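Q: Please take a close look at a single part of the structure shown below. A connected account of its surroundings would be welcome.
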Amino acid sequence: GFQRAKALASIFEKQPELADKGLPFLFAAAYEPGVHSKRSILTLEPLAEKLHTPVESSYVAEDFKKLSQLLLTSQNFDKKVILIAWSHTEIVSLAKSLGATPPIKKWNKNTFDRMWVIDYQDQQTILRDLPQKLLPGDSH
């Protein structure tokens with residue numbers, strides 16, 4: 001997990017199409033001792049440090065609808081890159097609440113090398129399932 005988080009700091013170099021809209025906004029599921037792990041936040045910390053930008057972690061994993069509402073209604077996020085690290089149990093629901101049609105019904109808890117890129121074009125929501133290509137052995 002720590003190796004992947006460290007490698008994630010280079011995601012915009014490895015996936016340049018993600019960096020074409022300026023500095024990203026970073027969101028992670030909130031840490032709740034005894035309920036939710038700090039993994040989502042820890043995943044984004046190296047990237048946040050590299051980009052000198054904060055990780056917003058005000059929402060617990062089950063509050064994905066509140067996060068979606070914020071992202072879809074605030075003009076602060078129009079045409080911006082938003083990177084979200086979230087709980088495996090809620091990723092599919094989060095994508096649906098953002099208007100996307102996920103290619104799977106449930107995220108495999110052992111999948112760490114994929115990312116979903118959601119774009120909004122011509123009143124359509126487009127989800128692309130992409131490999132991160134960060135570490136040896138990552139899927140293609």
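With which residue does the side chain of R4 meet in a salt bridge, and at what N to O distance?

A: The side chain of R4 meets that of D138 in a salt bridge, at 2.7 Å from N to O. A salt bridge here is a side-chain nitrogen of Lys or Arg within 4 Å of a carboxyl oxygen of Asp or Glu. This is a predicted model, in which local features need pLDDT of at least 70 and side-chain atom pairs count only at pLDDT 80 or more, whereas totals for chains, interfaces and linings use all residues. Residues are numbered from 1 along each chain as its sequence is written, and side-chain values use heavy atoms, with hydrogens and water left out.

The two partners belong to separate parts of the chain. Helices (H or I, at least four residues) and strands (E, at least two) are DSSP runs, numbered from the N terminus. Both partners are buried: R4 has a relative accessibility of 16%, and D138 has a relative accessible area of 8%. Buried means under 20% relative accessible area, exposed over 50%, and partly exposed in between, with a 1.4 Å probe and protein chains only.

R4 also has a polar contact with the backbone, its side chain reaching the backbone oxygen of F112 at 3.3 Å. A polar contact is a pair of N or O atoms within 3.5 Å; within protein, one must be able to donate a hydrogen and the other to accept it, and residues adjacent in sequence count only if both atoms are side-chain atoms. With neighbours within four places in sequence left aside, R4 is in contact (heavy atoms within 4.5 Å) with F112, D113, Q132, L134, L135 and D138.

By the rule given above, the salt bridges number 3. In another of them, R114 is joined to D129, with the closest N and O atoms 3.1 Å apart. R114 lies in strand β4 (residues 114–121) and D129 in strand β5, so this pair ties together parts that are 15 residues apart in sequence. R114 is buried at 19%, while D129 is partly exposed at 35%. A further salt bridge brings together the side chains of R128 and D119, at 3.2 Å from N to O. Here R128 is partly exposed, with a relative accessibility of 32%, and D119 is buried at 16%.

Elsewhere in the model there is an open sheet of 3 strands in the order β2-β1-β3, with parallel pairing. β2 (55–56) and β3 stand at its edges with a single partner strand each, so one side of each has no neighbour in the sheet. Two strands pair if DSSP finds at least two bridges between them. Strand β1 (residues 25–28) is joined to β2 by 2 bridges, and F27 stands opposite E56 in β2. Between β1 and β3 there are 4 bridges, again in the parallel sense, and A28 has A85 of β3 as its bridge partner. Strand β3 (residues 82–85) has a covered face made of L83 and A85 and an uncovered face made of I82 and I84.

Helices accompany this sheet. Helix α3 (residues 39–51) lies across β1, β2 and β3 and runs at about 160° to β1. Such axes are lines fitted to C-alpha atoms, for helices over the stretch in contact, and the angles run from 0 to 180 degrees between N-to-C directions. In helix α4 (residues 64–73), the buried residues are F64, L67, S68 and L71. They cover an arc of only 100° around the axis, which puts them on the same side of α4; the arc is that of the directions from the helix axis to the C-beta atoms. K65, Q69 and T73 are exposed on the other side of α4. The cover over its buried residues includes β1, β3 and α5 (91–97).

The loop between β1 and α3 holds A30, which is buried with a relative accessible area of 9%. A30 and W86 are 56 residues apart in sequence and 8.8 Å apart in space, C-alpha to C-alpha. Leaving aside neighbours within four places in sequence, A30 is in contact with H36, S37, I41, S57, S58, Y59 and V60.
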